[in-house]
Every structure is written in structure tokens, then in C-alpha cells.
Amino acid sequence: MDRNYMESVWYAFKQVYDKGLVYRGTKIMPFSTACNTVLSNFEAGSNYKEVPDPAIIVTFPIAGEQNDTFVAWTTTPWTLPSNLALAVNPKLDYVRWQDTATSKIYICMKSRLDYVLKQCKVKGHTVLEEFKGEVLVGKRYEPLFNFFAERANDGCFQVLGANFVTSDTGTGIVHCAPGFGEDDYATCVANGIVQPGHAPVPIDQDGKFTEAVSTYKGVYIKDADKTII
């Protein structure tokens with residue numbers, strides 16, 4: 001609370017401002033729905049707790065393909081109504097495979113195939129094709145929900161290339177909800193399907209869905225997980 005110190009900070013800030021280096025932007029931040037406020041990473045980390053987050057595998061039908069679907073993975077089912085894109089790693093290997101019991105065809109990362117087969121209890125399969133992730137970039141898919149269907153006109157609901165997609169978890173195809181994930185937001189903005197500051201965030205400061213996601217309006221996001229799944 002030293003006045004000279006405070007004024008020195010304002011002085012330094014003004015120098016930065018005068019040089020045109022200060023701007024208004026948008027950033028994904030931790031948020032407390034109990035306190036109705038943004039938290040710093042330190043504040044969020046200082047109250048670390050282990051809580052159950054359901055990891056689920058979700059299929060997204062490929063637009064124009066009668067039998068092919070992407071196999072994506074997420075630990076935040078409540079963000080699925082806000083899905084705008086899928087992300088793959090362009091440099092890693094992916095496979096197109098068929099479930100011999102159902103004849104349905106799926107696409108996932110090659111190194112994650114065993115995980116997918118185990119989690120989905122697939123008893124028999126045949127690998128039909130192998131290729132790099134870059135082959136998938138630009139392909140369109142059908143969204144799970146229609147709450148933001150009009151955003152298809154902006155280029156949403158397509159596969160984007162992203163280096164943050166790794167081979168150590170999930171299916172190698174990541175569901176992106178740019179209003180809630182830092183990597184998701186950066187990737188969608190970089191690809192021009194979301195304008196800075198205009199990612200959909202259909203929840204209020206209490207963490208409850210708004211009218212934008214009418215099916216779950218008024219439901220707390222974590223309470224909605226089971227219903228959304």
C-alpha cells in the first residue's frame with residue numbers, strides 16, 4: 001500500500017500504453033461459479049481437489065459419408081453442446097477401421113486404436129486404411145446438437161489441424177468447444193472459424209446453462225453431465 005510504489009506502477013503502465021502495446025483481448029481463464037469471478041491460475045491451483053470427471057468417447061458422423069464417423073474423446077461432456085470443431089494432429093498416423101460385428105466404419109489415431117477397441121468393447125475389427133492426420137483436415141462432420149447450427153456458415157463443424165493433440169490419451173481426435181478451452185479457442189481463432197471474443201459461452205456466472213442451450217436451461221453444468229452423456 002505504498003503510494004510511491006503504486007504510482008511507479010501506473011507510470012510504467014502509461015509508458016506501455018503510450019507505445020500502443022496495451023490492447024483489449026479475450027482469454028480463457030479459470031472461473032469460480034461460487035464466487036462469480038475469474039480466478040488467477042495461482043488461486044485455482046491453491047484449492048486443488050480431486051473430483052470425478054467422466055471421460056467419454058463420442059462419434060461424430062462425417063458429412064456426406066453414409067457409414068463413416070470420427071471417434072472423439074472428452075472429459076467435459078457438459079461442453080459438447082458448445083462443440084464447434086474437431087482437432088487432429090496433422091503429423092501423426094490415423095486409421096480407418098471397421099467393426100466386424102456392426103459393419104460401421106470409424107476413424108481414430110493409430111496409436112490409440114487399442115484403447116478405443118477396449119473402451120468400446122469391440123470384439124473384432126479390420127483396418128481399412130492408414131494415413132496422416134493432415135488428410136482429415138477440412139473434412140466436415142455433423143454436430144451432435146443443433147444449438148449453434150448456424151455457425152456452419154462460418155466454417156464450423158470441420159476438422160482442424162492442431163499440434164496440441166497428442167498420442168498419450170483419448171482417441172487422437174479432440175472435441176473443441178472454444179468458449180471453454182484455451183487450446184480450443186486459440187485453434188478455432190487461428191483457423192478463422194471463430195472471431196476473437198465471439199466463441200459461444202452458453203452458461204451464466206452461476207455455471208448454469210442459459211437459453212442458448214434451451215434443453216438444459218437452468219441446469220448446473222456438472223449436473224448436466226449425466227443427461228448429456
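Me: Is Phe180 buried, partly exposed or exposed?
Reply: Relative accessible area sorts residues into buried (under 20%), exposed (over 50%) and partly exposed (in between), using a 1.4 Å probe and protein chains only. Phe180 has a relative accessible area of 22%, so it is partly exposed, whereas Trp78, at 12%, counts as buried. This is a predicted model, in which local features need pLDDT of at least 70 and side-chain atom pairs count only at pLDDT 80 or more, while totals for chains, interfaces and linings use all residues. Residues are numbered from 1 along each chain as its sequence is written, and side-chain values use heavy atoms, with hydrogens and water left out.

Me: How many aromatic pairs are there, and why is the pair of Trp78 and Phe180 edge-to-face or stacked?
Reply: Rings of Phe, Tyr and Trp (its six-membered ring) pair if their centres lie within 6.5 Å; planes under 30 degrees apart are stacked, over 60 edge-to-face, and the rest tilted. The count by this rule is 8 aromatic pairs. For Trp78 and Phe180 the ring centres are 4.9 Å apart and the planes stand at 70°, so this pair is edge-to-face. The two residues, 102 apart, link distant parts of the chain: Trp78 lies in the loop between β4 (68-74) and β5 (85-88), and Phe180 in the loop between β10 (174-176) and α4 (182-190), where helices (H or I, at least four residues) and strands (E, at least two) are DSSP runs numbered from the N terminus. The pair of Phe209 and Tyr216 is tilted, because its centres are 6.0 Å apart and its planes at 45°.

Me: Where is Val213 found, and with which residues is it in contact, leaving aside its neighbours within four places in sequence?
Reply: Val213 belongs to the loop between α4 and α5 (221-228) and is buried, its relative accessible area being 0%. Contact means heavy atoms within 4.5 Å; with neighbours within four places in sequence set aside, Val213 is in contact with Pro81, Phe147, Phe148 and Pro202. Between Val213 and Pro81 there are 7.2 Å from C-alpha to C-alpha, although they are 132 residues apart in sequence.

Me: Which backbone oxygen does the side chain of Thr171 reach?
Reply: The side chain of Thr171 reaches the backbone oxygen of Val71, at 2.6 Å. Thr171 is located in the loop between β9 (158-161) and β10 and is buried, with a relative accessible area of 0%.

Note on methods. A polar contact is a pair of N or O atoms within 3.5 Å; within protein, one must be able to donate a hydrogen and the other to accept it, and residues adjacent in sequence count only if both atoms are side-chain atoms.
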